[in-house]
Amino acid sequence: EDLRQVEATGETVGEAKWAALRELEKLHPGLDKGAVRFQVVSEGERGLLGVGYAPARVVAQVDADATEV
């Protein structure tokens, strides 16, 4: 498993990015946030009254040289 990459979901892309960043910080304490790149997998769907809702999905990846100690 690649510990430099996580996928996360949220109601919005921003929430999904925040969740992914928190996961990466658990794996890499002291992580330089500037070394994280985000790829939006899905913008998500708001749906109507809960019908058709789909969460936004992002993949966050840390540049390889940022994780070396």
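Trainee: Where is K17 found?
Mentor: K17 is in helix α1, residues 13–27. Helices (H or I, at least four residues) and strands (E, at least two) are DSSP runs, numbered from the N terminus. Keep in mind that this is a predicted model: local features need pLDDT of at least 70, side-chain atom pairs count only at pLDDT 80 or more, and totals for chains, interfaces and linings use all residues. Residues are numbered from 1 along each chain as its sequence is written, and side-chain values use heavy atoms, leaving out hydrogens and water.

Trainee: Which residues is K17 in contact with?
Mentor: Leaving aside neighbours within four places in sequence, F38 and V58. Contact means heavy atoms within 4.5 Å.

Trainee: And how far apart are K17 and A60?
Mentor: They sit 43 residues apart in sequence, but 7.3 Å apart in space, C-alpha to C-alpha.

Trainee: New topic. Why is strand β3 largely enclosed?
Mentor: Five of the seven residues of β3 (residues 56–62) are buried, so the rest of the structure largely encloses this strand.

Trainee: How many bridges join β1 to β3?
Mentor: Six, and the two run antiparallel; Q5, for instance, has Q61 as its bridge partner in β3. Strand β2 (residues 36–42) is also joined to β3 by six bridges, antiparallel, with V40 partnered by V58. Strands pair if DSSP finds at least two bridges between them.

How values were computed. Buried < 20%, exposed > 50% of the residue type's maximum accessible area, 1.4 Å probe, protein only.
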